[in-house]
Amino acid sequence: MSKRLPEGGLFIDRNKPIKFEFNGKKLSGFEGDTLASALLSNDQVLVGRSFKYHRPRGIVASGSEEPNALINLGEKEKFEPNQRATTTELFDGLKAASQNHWPSLNFDIGVVNNYLARFLPAGFYYKMFIHPRPFWKYIYEPFIRQSAGLGRAPSQKDHSQYEHFYAFYDLVIVGGGISGLNAALTAAESGLKILIIEQTPEWGGRCLVDFSTIGDETSAEYVSRLVSELKKFHNVTMRSRMMGAGVYDHGYILGYERLNDHLAEEDGPRHRLWRIRAKQIITATGSIERPISFPSNDIPGVMLASAVRDYAVNFGIATGNKIAVYTNNDDAYRTAITLNEVGVEVPIIVDARKSGGGALAERAKALGIRVENGKAISKVFGKKRVEAISICEHKDSGKGNEKIACDCIAMSGGWSPVVHLYSHCGGKLKWDEKMALFKPDSSAKPTSHDGLPFVTAVGSANGFLLIQEVLKDAREGCLEVVEASGGKVKKESFKLIEQEYENSLEAIWIAPQDADIKKRSKIWLDFQNDVKINDVELAAREGFESVEHTKRYTTLGMATDQGKLSNINGLAILSSSLGKEIPKVGTTTFRPPYTPISLGSIGGSARDDLFQPVRKTPMHDWHENNGAYMEPVGQWRRPFCYPQAEETYAKAVEREINQTRSSLGILDASTLGKLLVTGPDAGKFLDMLYTNMMSTLKIGRCRYGLMCSENGFLIDDGVVARIDDQTWLCHTTTGGADSIHAHMEEWLQTEWWDWKVYVTNVTEQYAQIGVVGPNARKLLEKIGGVDVSREALGFMEWKDGNLGKYDARIFRISFSGELSFEIAVPAKQGLAFWGELIEAGKEFQVMPYGTEALHVMRAEKGFIMIGDETDGTVIPQDLNLDWAISKKKDDYLGKRAQERSFMVNPSRWKLVGLETLDGSVLPDGAYATAEGVNSNGQKSTQGRITSSYFSPTLKRGIAMGLVMNGPDRGGEIIEFPKIDGTVIRAKITSPVFYDPDGEKQNV
Amino acid sequence: MLVFKCPYCGIEADETELSPGGEAHLKRFGPGSSDEELEGYLFNRENPKGVHFERWRHVYGCGKWFHAARCTATLEVFGTYSAQTFGPPKEIIDIIKSKRPGWKWRNLG
Amino acid sequence: MKRYSVFAVAREALRYHQGWGRAWKSPEPKKKYDAIIIGAGGHGLATAYYLGKNHGLKNVAILEKGWLGGGNTGRNTTIIRSNYLQDASAAIYEKARSLYETMSQDLNYNVMFSPRGVMMLAQTQHEIRGYKRTAQANALQGVSTEFISPEKVKSLVPIINIDGPRYPVLGALWQSRGGTARHDAVAWGYARACSDMGMDIIQQCEVTGIRHKNGQVQGVETSKGPIDCQKLGIVVAGHTGVLADMAGFRMPVEAVALQALVSEPIKPCMDVVVMANTVHGYMSQSDKGEMVIGGGADGFNNYTQRGSFHHVEETVRALIETFPIISRLKMLRWWGGIVDMTGDRSPILSKTPVGNIFINCGWGTGGFKAIPGSGWAMAELMAKGHSSLTEEFSLNRFKEGKFIDESVAAGVAH
Amino acid sequence: MSDNKNEGVVRSYSGYVKVSEKMKTGMLTVRGDFRSSKFKTSFTKAVGTKLPKDRKLILAKNNVAWMSPDELLILCDYADVSSLSQNLQMELKDQHHMLVNVSDARALFEISGSGSREVIAKLAPVNIATLEIGEIRRTRFSQIAAAFWLTSETSVSVICFSSVADYMFNLLKTSSMPNSKVGDF
């Protein structure tokens, strides 16, 4: 029976009871409890089922290394699967449920796997389910998926807040135990800016539990003195409930702060992810106790000795009525002594060492506890709870000769330093044979941007397990680090703390030593993933010799605890199976995060409105308020069309086009890029950037220009206006505003840095509006102030002036084939100007039109669109744009590339118009087929559609496309198969479908 | 998560304030060059496992391109320098030589 | 070699599985081989396998400096699809996909190919046009894909948010016969089959030099001594540049880090693979229940297998927006691999300037799905000197300007 | 337009700091050769202040901010941009330079309160603890480009492109929610 003791518990407040639910059962605990301690206080030892065999699982540990006690926490939008009960602080109304079973925790059908365990060894699925082929998809895999997985999938959107925080410190200390606190205190007086973080709510780590006194103080007094001394330093920041999640290159460290998980009602952000740059990092992350590998060591009630002690001291809990201790080192004797002190019976201490323990063992014996040296647990009785053990000689095959009743086993197989953070960024480890642990190799620390070490492990994280050595190492390690970061501290002599003599640990990787295969099939290494000793042995036998192979083949260490308890034990079994030494087999690579962190915290505040920036033109809100259907274009949203009432998008587009072509439409063209280029060498520069000659453009005139990449492909187009002697205004596509600006800066800064040219992106300085249609001029004349007559402002000319009360620059350019003006006004005047155009345009039934109408109208005119006619593989020559490529220039970007053999190949596909014989609309992206198949058996093709629309103007489908030798094949009919197998026949025509002589735009 | 000191504004810039621009000190080959020269210029890359000269732009800062010498195997940064050069300056080469004895690059080393 | 089957497992169970032998042998290298493949990843092993199976070339060694399958083969998000736009890509990826369908039976090793379907979301008008074009091309290439409606998307993936305020789902390119496979098993299955044919897989053997004379390959220098060969295949993904340097030629490739991560395992909630290219993220659920998440590659040369955290951040926020229920799941594991990117982001399977040295590299972020097709084609190229599947992927394309650009269907704003 | 006066704020939010977007501010981009003494003389003559040192901001009637080795930003009354621009144009007419009115292309925010540094630290990868008054920092705020400077120990000015002003306002608002104080400064 696991229960609350009548008194004690450093962390809990017995005056503050808290109610919670587990699997629908109403239970209570105290403030300060974790969910695990509260469950144990209610004798809820069985908390879940294992991954593969669905075996009953109990709480093993007391911290983040817990492999078993994973629960579904909370409900609805706050539901969270796989939460560790051991790190979940109890709050009023907490609701938890166990996982991975059906129909109930106590009776789980999935346990059938357990009885088949012998047929399901490591990697069984690679050898089975091969035939018949369809069965994998339809039968085996669905079954395996259903029985795998752990927690339930959440069903609702998470509404909690998350945020990020950027911080910069000289020194970050991870771990608020005795090493971390002492290191911080040592460093504090140097004046360095220091952050110390602790993943639990409490400072002090294990020392509170391991020592009743430290020096002249109780351990609690000692810790609180250190904490209050540290708090006096303004250069020291202390954060608890914050885990060091990962160390990355150049001193980057992630801190995962859980702000609200311990509260019933969230108040502010749930998690805050600190993205810290540290000059130096100290990992004082302690160490984790290892289980012992003995038969049936996975039955609920088998726990780590340190955890049993934690529950007794910190939470006032006896994890059993009779607790047997099983150890290979002295530390577990502390558990026995502690239990004895709080009145819990310890029927036996089984010590695997023939020589037994040191001073602590003597104390235990003096307390009357039975101690057996050189023994092993050969069997555990019980299914869902430990009922008894039998013991035998350690150096034996495991015939138990004595049965001892107990309901809990406190085991200790030694300690593993927490080296994760030290290793994340390349820190190397070395094997300490005597203590049987991997510890940081101080000669191969992770290095930073300057090539110098930046992570140092101290204390038990550095492989020191005795308190006086821990303190000495914390201080010395810290002094080294402080010096490395340029701080200075006084090197006072250091008062060592007395510690009782400890006999050394004796590594035992399997107990009893000569356990036979039957027993080895019941010794668990990885409790969650059900990996046993015989699985690792099988992997080794089959040639999975690398630790990475074994891990992947057996799934050892791949569970949610990432092998914190199982890795070293598994490695030892692998190395003995291979007959190699442990360091020769090596460890797996440690990667962030140390323990799992919420995806929400990684995303931070970037969700919903803040997911990605939406760029807005000055008229953006007007469009939304007037029913526009918006389409994302890069980071902008542009109106696709403005549907009225029940109108479909297609009908709206038709209406917009008809109205524009017959009278007047206006377009928000503000997103088009506007780059101002000025300087004595600006003309020369633009001649290199554009395929055309821009230096000869006359002031007041506009020219359509093309830009290519050095690889020859067309990347952007737009109208360039000559502003003055040294200044050009280059219009780009919407997407090109930033990329072409960057392109220009790149060439100016990195190739032609002696050319005198400045570029400024003025895209957002202006609202730009297209006024389009036969009545466009009338509308501008109505507003007045600028002479926009044909004589005063010819086609492809621009002028400045006060149009009404607006500071306007008017470009007489057309992308629709109609009489058209593009008018730029300062952005802050944009909305008013738009409003005035709408108001004054009423007599012409003015309509705003969207991007789709724009696309259709330009296609009717045969104008190309970057991104439609081009796709990164098209050169201007493919689009018959040779007229826009200057023959007079020696060079422009992309010119040489366009001379390569494939670029000048006469069989390239070139731009044509396509008219379907039946008037229908060709499918987007359809290909024209040719005779036969290619060498890979694919249908041969001879062209493809680049743009295809229903033209409301021509009342039929029109398309542009690239066709092999297309321009020479006018009138020829080619075939476009549809996906359904039917074929559409289309005639090759000119791409200009509407007003080929330009009579409309030149009026 | 890299940090580079921008040689133009002196800021210790975070990787997220920068944009990478690939190998440095490529010679442009335009009209008149051979197919091989053009291919080398556009595509062939040193791609060393070790010391690398590369281009970065301080895009969220002063907007300037700069050069960096960095080890691609350890991510150590030997230094940053002006974009307006045809090769790494002597002080950068000296640092690299002292830290990576035996290092070679094109006709250096 | 013992055949794998449910009966074999049952028989072995009776003796506690103590009778299983090595899945592949671990020999010392011979002095000379007909062909050497450098790199025992998926592509290298598959090349060797088809050299033996299709071309009868079995005196073959596969040299691996670490452990077989320890590179990108075991570090990817296991997606298999062939919905490529360009003919050459579609041909080799569809060859690979079809070989995946029967791989478990061919190799007598369950690689858990799961044809659960792959969808690529269209979230802009531009993407709609791009994917419709791909579907048209696929129809002619013999690749079965279709463009589906947002409603169909929702019915296939109930946890998706198709009405996202930022980028609503406007449709998707759907390949129902795409899917996933168990990545490690692909390497292990090929290794076992190669070993069974008598080929030597030599692990922990690093190539330190490549010997050639009069423009013809002679052999390699290794950490286990010199080995001669008639033909040499370099199939080393991220380390292509280093090996090419040994052979004395430069390559149009750059090594960059590509990152991925998985969540803790949960019960099945997503049956297909979803790729959201506008927001840069993709996700599937493994048979173990982990949500497997990937995004774009880092932008700078890097051999450390450690990528930059902000790419993970970008990917995760994209997927939270697409699948709002995942916000309270936790990232369990994160890792990086080194991929080699070519000038047009398509692979290179080619002869090289040195006679009888062949190279297979540049798979960038998409190598896993190609493994059997790549091995099949590379084996044909090495055995016969030409292969219709590799023709377009030759090194010459960079000189001729004949690129295979797959990015054309992805989102470029106009 | 008639009202060329800075009329105050577009919107504001009070969390644990106060965030407000200013209505109209004159901003003039000046590019030129700052090493040239001729340029320096001309600039001082036209603007009335010296050139700021690298990364610095001269706080005067017209604030002059160093944006890059060849770019300055002058912040002034919205109405004063054209006269300032004309003066500069006169002085610089023989030198290679560029003057661009960017007043309408940018948005200006002010943050005030004791947590101001901290709110910025949630958004920008900048060691703001060491940033001095009078120093301008160009960086990113979450996913957009921005520049900011401390106007006092407890107040900060931020500029960004006007198309993303809504996004910036929401970022600052979310970061200054009353219950999200970090307490690191």
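Visitor: Why is Arg275(A) called buried?
Guide: A residue is buried if 20 or more other C-beta atoms lie within 10 Å of its own, exposed if 12 or fewer, and partly exposed in between, with C-beta atoms placed from the backbone. Arg275(A) has 22 C-beta neighbours inside 10 Å, and therefore counts as buried. This is a predicted model, in which local features need pLDDT of at least 70 and side-chain atom pairs count only at pLDDT 80 or more, while totals for chains, interfaces and linings use all residues. Residues are numbered from 1 along each chain as its sequence is written, and chains are lettered from A and ligands numbered from 1 in the order in which they are written.

Visitor: Where is Arg275(A) placed, and with which residues is Arg275(A) in contact, leaving aside its neighbours within four places in sequence?
Guide: Arg275(A) lies in strand E16 (residues 271-283) of chain A, where helices (H or I, at least four residues) and strands (E, at least two) are DSSP runs numbered from the N terminus. Contact requires C-beta atoms, placed from the backbone, to lie within 7 Å, and with neighbours within four places in sequence left aside, Arg275(A) is in contact with His164(A), Tyr166(A), Tyr252(A) and Leu254(A). Leu254(A) is 21 residues from Arg275(A) in sequence, yet the C-alpha atoms of the two are 5.0 Å apart in space.

Visitor: What makes E34(A) and E35(A) a pair?
Guide: Two strands pair if DSSP finds at least two bridges between them. Five bridges join strand E34 (residues 629-633) of chain A to strand E35 (residues 636-641) of chain A, and these strands run antiparallel. Pro632(A) stands opposite Arg637(A) in E35(A). The two strands form a hairpin with two residues between them, and Gly634(A) in the turn has a positive phi of about 60°.

Visitor: Why are strands E18 and E22 of chain A said to stand at the edges?
Guide: Five strands of chain A form an open sheet in the order E18-E26-E20-E21-E22, with parallel pairing. Strand E18 (302-304) and strand E22 (371-373) of chain A each have a single partner strand, so one side of each is left without a neighbour in the sheet. From one strand to the next, the twist averages 20°. Helix H8 (residues 305-315) of chain A packs on the sheet, touching E18, strand E20 (323-327) and strand E26 (408-412) of chain A, and its direction makes about 120° with that of E26(A); such angles run from 0 to 180 degrees between N-to-C directions, and axes are lines fitted to C-alpha atoms, for helices over the stretch in contact. Within the sheet, three bridges join strand E21 (residues 349-351) of chain A to E22(A) in parallel, and Val350(A) stands opposite Glu372(A).

Visitor: How do you know that the radius of gyration of chain B agrees with that of a compact globule?
Guide: The radius is taken over C-alpha atoms, and the globule rule is 2.2 Å times the number of residues to the power 0.38. For 109 residues a compact globule would have a radius near 13 Å, and chain B has 15 Å, which agrees. The C-alpha trace of chain B spans about 40 × 35 × 25 Å along its principal axes, and 49% of its 109 residues count as buried. Chain B has two helices and six strands, which run β-β-β-α-β-β-β-α from the N terminus on.

Visitor: Which pair of chains has the most contacts, and what makes up the side of chain C that touches chain A?
Guide: Among the five pairs of chains that touch, the most contacts are between chains A and C, where 89 residues of chain C are in contact with 98 residues of chain A. The largest share of the side of chain C, 11 residues, comes from H5(C). By class, this side has 42 nonpolar, 25 polar and 22 charged residues, with Ala, Val, Leu, Ile, Met, Phe, Trp, Tyr, Cys and Pro counted as nonpolar, Asp, Glu, Lys and Arg as charged, and the others, Gly among them, as polar.

Visitor: What makes E33(A) and E16(C) a pair?
Guide: Strand E33 (residues 597-598) of chain A and E16(C) are joined in the antiparallel sense by two bridges, and Ile597(A) stands opposite Met331(C).

Conventions: Contact = placed C-beta atoms within 7 Å.
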